[in-house]
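Subject: Structure handover

Hello,

Here is the structure for you to look over. My notes on it follow below.

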Amino acid sequence: MNRPIRVLVAKVGLDGHDRGAKVIASTLRDEGMEVIYTGLRQTPEMVVNTALQEDVDAIGISILSGAHMTVFPKVMQLMKEKGMDDVLLTGGGIIPEADMETLKKMGVGALFPPNTPTAEVGNYIREWVSANRNF
């Protein structure tokens, strides 16, 4: 790529704990990526619209509230409606393994549980973008 990877990090819904999202955002910045952090209490529509405006390569959603089976499908639906088929949707938080598998089958990228090494997240995004985005 001729430019840094652009990643939007978002907290959707009423989940008010954002330490993990801020750690990931900081780590990705340290790895040379451009990161847009949307802050707390975003709607799926706000996340997708911001991602579209910012021309991101990946959207990372941090979710601890248990709403992952609602949030991720809604974001995916909105991304498809906006033609964002070449943008990675990934994330992490408190998500049961069975739900991670269901979301992956729906097209969501890798999902990272707590205590995942931050380098693993950065490597995954870098590899996915390299394989799926052409600039």
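Residues 24 or more positions apart make up 72% of the contacts in the chain with a separation of 6 or more. Contact here means heavy atoms within 4.5 Å.

First, the ground rules. This is a predicted model, where local features need pLDDT of at least 70, side-chain atom pairs count only at pLDDT 80 or more, and totals for chains, interfaces and linings use all residues. Residues are numbered from 1 along each chain as its sequence is written, and side-chain values use heavy atoms, with hydrogens and water left out.

**Overall picture**

The chain has five helices and five strands. Both are DSSP runs, numbered from the N terminus: helices are H or I with at least four residues, strands are E with at least two. Along the sequence the pattern reads β-α-β-α-β-α-β-α-β-α.

Along the principal axes, the C-alpha atoms fill a box of roughly 40 × 30 × 25 Å.

Of the 135 residues, 46% count as buried. Buried means under 20% relative accessible area, exposed means over 50%, and partly exposed is in between (1.4 Å probe, protein chains only). The accessible surface of the chain is about 6800 Å². Carbon and sulfur atoms hold 51% of that surface. Areas come from the Shrake-Rupley method with a 1.4 Å probe; for residues, only the protein chains shown count as cover.

On charges, there are 14 positive and 17 negative, and their mean positions are 3 Å apart. Lys and Arg count as positive, Asp and Glu as negative; His and the chain ends are not counted. Each charge is placed at NZ of Lys, CZ of Arg, CG of Asp or CD of Glu.

**Aromatic pair**

Rings of Phe, Tyr and Trp (its six-membered ring) pair if their centres lie within 6.5 Å; planes under 30 degrees apart are stacked, over 60 edge-to-face, the rest tilted. The count by this rule is one aromatic pair. Phe112 and Tyr124 form that pair, edge-to-face, at 5.7 Å centre to centre and 65 degrees between the planes. The pair links distant parts of the chain: Phe112 sits in strand S5 (residues 111–112) and Tyr124 in helix H5 (residues 118–132), 12 residues apart. Phe112 counts as buried because its relative accessibility is 11%.

**Around helix H1**

Ala25 lies in helix H1 (residues 19–30). Its relative accessibility is 3%, so Ala25 counts as buried. Not counting residues up to four places away in sequence, Ala25 touches Val9 and Val35. Ala25 and Gly122 are 97 residues apart in sequence, yet 9.9 Å apart in space, C-alpha to C-alpha.

Asp18 lies in the loop between strand S1 (6–11) and H1. At 14% relative accessibility, Asp18 counts as buried. Leaving aside neighbours within four places in sequence, Asp18 is in contact with Lys11, Tyr37 and Leu40.

**Helix H3**

Leu78 is in helix H3. Its relative accessible area is 9%, so Leu78 is buried. Again leaving aside neighbours within four places in sequence, Leu78 is in contact with Pro44, Glu45 and Val48. Leu78 and Pro44 are 34 residues apart in sequence, and their C-alpha atoms are 7.8 Å apart.

Gln77 lies in helix H3 too (residues 68–81). Gln77 counts as partly exposed, at 39% relative accessibility. Gln77 and Val48 are 29 residues apart along the chain, with 9.8 Å between their C-alpha atoms.

**Positive phi**

Most residues other than glycine have a negative phi. At 44% relative accessibility, Asp55 counts as partly exposed.

Asn115 has a positive phi as well, near 75 degrees. Asn115 lies in the loop between S5 and H5. Its relative accessibility is 81%, so Asn115 counts as exposed.

Best wishes
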